[in-house]
Amino acid sequence: MLNETMTADRFKEFPKRGERPDFDELIGDVGCWIYNRAQERYWCSEEIARIFEMDCDRFLSIEEYVKLIHPDDRDAYIRYIREAVQEGSMVYTYRLMIGGKEKWIQERIRVFGGEQDIMLVAVLHEITDIRREQSNALQDQQELAAITDY
């Protein structure tokens, strides 16, 4: 859905020289987090803070981050991170459980640095609505198939 503040007139001359775009506003539902192993800290964009329903200025520990992942997806997520570190980059889809709500996430991680100073940079997209639409479409197909099987 088009953000009402993002009109064609507003972006006619965008970006102006020296102007930094507001990426969260431009691409919506897509955010970035960075994990610095040396400091054992995460940093996140405002969109990640919105998705995770937390303060953007607050850093998470790795333990806090993993606790947000759906219990059924945690082991696979940890394997995914290990594969990303070995391969340099990975894409993975998983669920978060935040405030009793399930949120679907598609994430791409890139790995920088060496073993001691490793940094993970992830771009993720909340795809909950897409998953819900896919689930509804599948349910509709199954109901239609059940009706036409007579």
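Helices (H or I, at least four residues) and strands (E, at least two) are DSSP runs, numbered from the N terminus. What I present today is a predicted model, in which local features need pLDDT of at least 70, side-chain atom pairs count only at pLDDT 80 or more, and totals for chains, interfaces and linings use all residues. Residues are numbered from 1 along each chain as its sequence is written, and side-chain values use heavy atoms, with hydrogens and water left out.

I begin with Glu-53, which lies in the loop between helix 2 (46–52) and helix 3. Although Glu-53 is not a glycine, its phi is positive, at about 55°. Its relative accessible area is 42%, so Glu-53 is partly exposed; buried means under 20%, exposed over 50%, and partly exposed in between, with a 1.4 Å probe and protein chains only.

Let me turn to Glu-126, in strand 5 (residues 119–126). Is this residue, Glu-126, buried or exposed? Glu-126 counts as buried because its relative accessibility is 16%. Its side chain has a polar contact of 3.1 Å with that of Thr-128 and another, of 3.3 Å, with that of Arg-50. A polar contact is a pair of N or O atoms within 3.5 Å; within protein, one must be able to donate a hydrogen and the other to accept it, and residues adjacent in sequence count only if both atoms are side-chain atoms. Leaving aside residues up to four places away in sequence, Glu-126 touches Asp-29, Arg-50, Ile-51, Lys-103, Trp-104 and Ile-105, where contact means heavy atoms within 4.5 Å.

Next, the cysteines. How many disulfides does a search of the whole structure find? The search finds zero, a disulfide being a pair of cysteine sulfur atoms within 2.5 Å. For Cys-32, the nearest cysteine sulfur belongs to Cys-44 and is 9.3 Å away. Cys-32 counts as partly exposed, at 21% relative accessibility, whereas Cys-44 is buried, with a relative accessible area of 4%.

Finally, the largest pocket. A pocket is an open set of points on a 1 Å grid over the protein atoms alone, where a 1.4 Å probe fits, with protein on both sides within 12 Å along at least five of seven lines; lining residues have an atom within 4 Å of a point. The lining comprises 15 residues, with Ile-62, Ile-81, Arg-82, Val-85 and Leu-120 nearest the centre. Strand 1 (30–36), helix 3 (62–68) and helix 4 (74–87) each supply at least two lining residues. Helix 4 gives the most, with six.
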